[in-house]
Amino acid sequence: MSGLEPIPEALADELAQGAIRAAISAGARFVEVRVVKRDREALDFRDGILDRRRVDRDLGVGIRALVGDGWGHAGTNVLSRDGVARAAEGAVLAAKATAATARQPVVTPPNFDITYETPLVRDPFTVGLDEKVAPFAAAHDVMMAVNGVSGARGTAVFLSKEVWLFTSGGGRGHQRQVLSGGGVTALAKHGDDVQIRSAPKGFEGNVLQAGFEVFDDLDLPGEAQRVADEAVALTRAEPLPAGEKTVILAGSQLSLQIHESVGHPTELDRAFGEEISLAGASFLLPEKLDRLQFGSERVNLTADATTPLGPGTFGFDDEGTPATVTPLVERGRFVGYLSGRDAAARLGKPSASALRAESWEHLPIVRMVNVNLEPGEGSLADLVAGVDDGVLLDVNKSWSIDDLRLNFQFGCEIAYAIEGGRLTGEIYKNPVYTGVTPKFWGGCSGIAGPEAWQMWGWSYCGKGDPVQLMFVGHGCAPARFERVNVRST
Amino acid sequence: MSAPRPTVFDRAATDDIIARTMARRAASDDLEVAFTGREVATMRLAESRVVQAGRATVGRVTVRAVRAGGLGISTTTDLSDDGLAACVREAEAQAATASPHAEGDAASLSAPGPSREAPSWALDADTAWLDGETKARWLATALEAHEKDGLALAGRFHTGLGTRAVRSTAGVDAFHQGSYADLALSALERPAGHRASAYRATYTARVDAGVIATMAEEVRATCHRAHDPRPVPLGAWDVVLMPAAVADLLLWLAEIGFGSRAVEDGTSFLAERFGQRVTGERVTLVDDGLMPYGVGVPSPFDAEGQPRQRVSLIEGGVGRSGVHDSRSARRAGCAGTGHASDPAQLAADGARANHVHFLPGSAGVDELVGQLDRGLLISRFHYVNGMLEPRRAVMTGLLRDAAFLVEGGRQRHAVETMRFTDSILEAFARIPAGGVGRDLEPHTTFDGECFVCPPLLIRGLQFTSGR
């Protein structure tokens with residue numbers, strides 16, 4: 001595959017100006033136009049061969065129009081002059097529908113002129129297929145050679161998202177984000193039991209904002225032997241005895257814990273009750289801001305749209321707010337929200353630059369950027385040394401959390417037993433742990449240091465109604481939590 | 001049915017897009033062009049306001065090219081001549097690259113299977129083109145009534161027209177247009193989500209003001225009855241699940257059990273168990289995209305243009321069949337069933353059962369509740385996940401919106417949320433005689449799938465944690 005052609009600036013400008021004229025003419029007082037092009041390549045591997053390759057190009061225009069204090073949105077990929085004008089008029093009609101019941105004033109934003117591009121060592125869209133296949137073929141060869149392994153799977157994803165953003169006030173932005181990553185999974189069967197182990201994490205693997213060079217760090221062939229051995233061992237492992245234990249979450253599982261129990265409840269639209277129709281609300285009501293003790297004093301969490309490698313890093317969000325850094329939890333206290341401009345204004349705060357849309361057809365909504373757990377000190381071994389009776393849990397297998405983001409239950413691929421400050425070598429299958437968010441984070445007794453801190457990417461975060469998928473990042477180092485309920489299914 | 005109205009993606013426009021794509025064929029033995037169009041009007045409610053409204057016109061072309069047994073797949077929304085040409089070029093280049101590796105799994109395009117026509121009610125023009133002004137008018141009384149009662153009304157009211165067309169050099173030539181309304185209403189005490197609430201939803205080809213009024217009144221009344229929810233002990237509870245709760249479970253059974261990839265990988269609860277009892281005898285599940293009970297949103301053919309066949313998944317508790325696309329059928333040595341998923345969905349992975357029906361029994365909801373000495377009436381679940389132990393279909397999830405304690409067959413009071421964790425196959429085996437309800441409801445998911453479910457009575461569902 002050759003490199004990707006950018007959207008011609010003249011075309012983007014022509015489409016945007018046509019949309020702005022049509023929307024203003026139809027009654028809008030302010031208009032934002034996004035011209036978006038996404039290119040994706042997805043590779044699925046099965047037992048050492050490339051099983052399926054899909055290439056997807058997505059090009060269209062999204063228009064957000066403001067009438068009174070109501071926003072309306074329309075997206076179209078019918079890019080004729082008439083097609084774009086019709087969409088602009090549709091956005092105005094939609095805005096009139098929301099304006100009729102709007103209660104909060106909307107202030108139009110200042111101008112901006114921002115460009116951003118993911119720093120790449122190797123643009124994945126210039127890398128040949130053979131080179132993309134090679135690490136998976138090598139990893140699968142290792143896995144399939146292990147007695148008891150019944151299958152090897154792998155996925156790779158490469159994504160480029162280019163956005164031109166124009167506003168009727170003269171704002172202008174252009175950015176291109178590139179994501180690359182993947183992972184491998186070994187399946188093992190023994191009797192009626194089927195177990196899996198994945199590296200570096202399950203589902204899509206680890207997808208980061210970077211070029212093909214991420215595969216050097218992923219080292220999938222190097223991880224293959226361990227993954228395969230553990231998958232086989234799990235088929236003969238015992239379930240985890242139920243009880244209250246000290247738990248250490250390895251990085252990839254901790255990243256999902258952050259995602260579900262920190263990222264989503266700190267979304268300000270949820271706190272305002274505007275996400276009820278799908279995902280629910282949040283226990284972090286506005287009156288708890290700056291008051292609630294969310295976690296122990298070791299816990300510092302930050303929404304950071306500038307973190308290197310983070311899928312939630314960009315130059316500007318989808319309403320033109322420059323990327324910012326917003327503390328969410330400081331020394332355990334709840335101090336901030338993920339927000340866009342309008343929601344933040346209701347609290348008298350600046351936007352957290354977190355209004356994002358999956359693509360041109362979607363309305364921008366409050367989404368996570370990179371929500372990171374700041375590092376503590378020491379190593380994973382130091383955390384283990386502080387555990388009398390516990391488990392180290394690695395790689396997510398299932399996830400569920402209530403509509404206020406309080407009661408959660410996560411399943412992991414494996415639990416490693418810890419006794420007397422050391423890993424015993426014993427493992428348990430089908431482990432799950434359950435908790436209630438503030439109590440769980442309140443039990444955080446240690447976070448490993450910067451050397452153990454890394455970025456984890458999740459590219460299938462669903463939110464909104466109609467649902468949108470978004471790529472987000474969570475940087476963290478392994479962390480230890482006291483008095484956690486664990487068991488196996 | 002109302003008179004047809006103008007659409008961006010009518011038959012002529014669709015034919016033109018497919019013909020322009022086909023014309024670019026240059027280096028393939030066979031080529032398939034699939035077009036999907038969506039012309040939709042979305043509306044979202046919260047705090048008794050219209051908080052989001054939008055429109056989308058989305059046309060997407062997917063090309064599958066076959067060359068010497070190699071398969072290439074490419075998708076685009078760039079409908080210009082250059083964009084369509086690039087899409088074909090990409091698919092053909094992939095097919096050529098894949099060809100040397102195709103031994104033992106050579107791709108081919110299938111000839112059309114036996115046709116199944118969509119029912120005439122699949123397209124209701126009034127629903128397809130329902131505008132925001134009309135929606136707002138239909139909702140006005142409900143919004144006012146909820147505000148008057150101090151309740152917040154929330155929900156979604158999405159409507160639109162879906163177009164799907166598939167043509168191939170193997171002889172497939174399929175076209176379908178259908179309307180849909182994806183409607184959900186929640187009534188909530190404030191602060192919304194923190195106190196009592198009630199929920200109703202439907203996914204249907206036709207909607208009118210009466211549907212809105214009925215649903216709105218039902219959630220308003222139920223929310224009042226759900227005032228002041230109280231905790232109840234964890235453990236095993238006999239439960240009556242309303243259809244929305246059953247749909248959450250069926251969605252996950254489809255995800256982990258009925259799809260071709262799960263069966264091939266051996267992770268499905270049906271793998272190596274076809275012909276064996278996998279759950280209770282009162283459970284019969286079929287997948288049928290023609291929506292034989294006259295509810296839901298029909299889909300007569302799949303992403304390959306193959307007619308969706310009626311597939312018996314579980315019959316009287318015995319595992320019968322999974323679903324197949326052409327490729328999984330070739331691997332399994334059987335006929336395809338018309339369940340190819342859309343390759344444009346990045347997470348798509350093999351054939352999927354998208355229209356699962358739990359075949360109804362004869363009991364009304366009141367009769368099911370009347371069988372509870374001490375139990376729970378559950379309106380729906382929240383955040384069900386079925387990945388815990390797929391071979392046993394172990395799932396977890398939480399109560400959401402108006403669950404009631406029932407004693408002596410009578411509803412007493414609302415209960416606070418708590419989490420269940422249980423094998424759903426084993427739970428379904430605890431459906432007693434007379435435990436399958438009569439009245440079916442259609443519910444949808446993120447991807448426009450449609451699950452048709454009755455209410456169920458289940459003995460001893462395990463609740464494992466609370467707040």
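Reader: How many bridges join strand 2 of chain A to strand 3 of chain B?
Author: This is a predicted model, where local features need pLDDT of at least 70, side-chain atom pairs count only at pLDDT 80 or more, and totals for chains, interfaces and linings use all residues. Residues are numbered from 1 along each chain as its sequence is written, with chains lettered from A and ligands numbered from 1 in the order in which they are written. Strands (E, at least two residues) are DSSP runs numbered from the N terminus, as are helices (H or I, at least four), and two strands pair if DSSP finds at least two bridges between them. Strand 2 (residues 49–67) of chain A and strand 3 (residues 70–76) of chain B run parallel, and the bridges joining them number four.

Reader: Which residue in strand 3 of chain B is the bridge partner of A:Val55?
Author: Strand 3 of chain B covers residues 70–76. There, A:Val55 has as its bridge partner B:Ser74.

Reader: Which element gives the largest share of the side of chain B that touches chain A?
Author: Contact means C-beta atoms, placed from the backbone, within 7 Å. In chain B, 70 residues are in contact with 66 residues of chain A. Eleven residues, the largest share of that side of chain B, come from strand 2 (residues 49–67) of chain B.

Reader: How far apart are the end C-alpha atoms of helix 5 of chain A?
Author: Helix 5 (residues 220–234) of chain A has 15 residues. The expected span is 1.5 Å times one less than the number of residues, so this helix should span 21 Å. The model agrees, with its end C-alpha atoms apart by 20 Å.

Key
Two residues are in contact if their C-beta atoms, placed from the backbone, lie within 7 Å.
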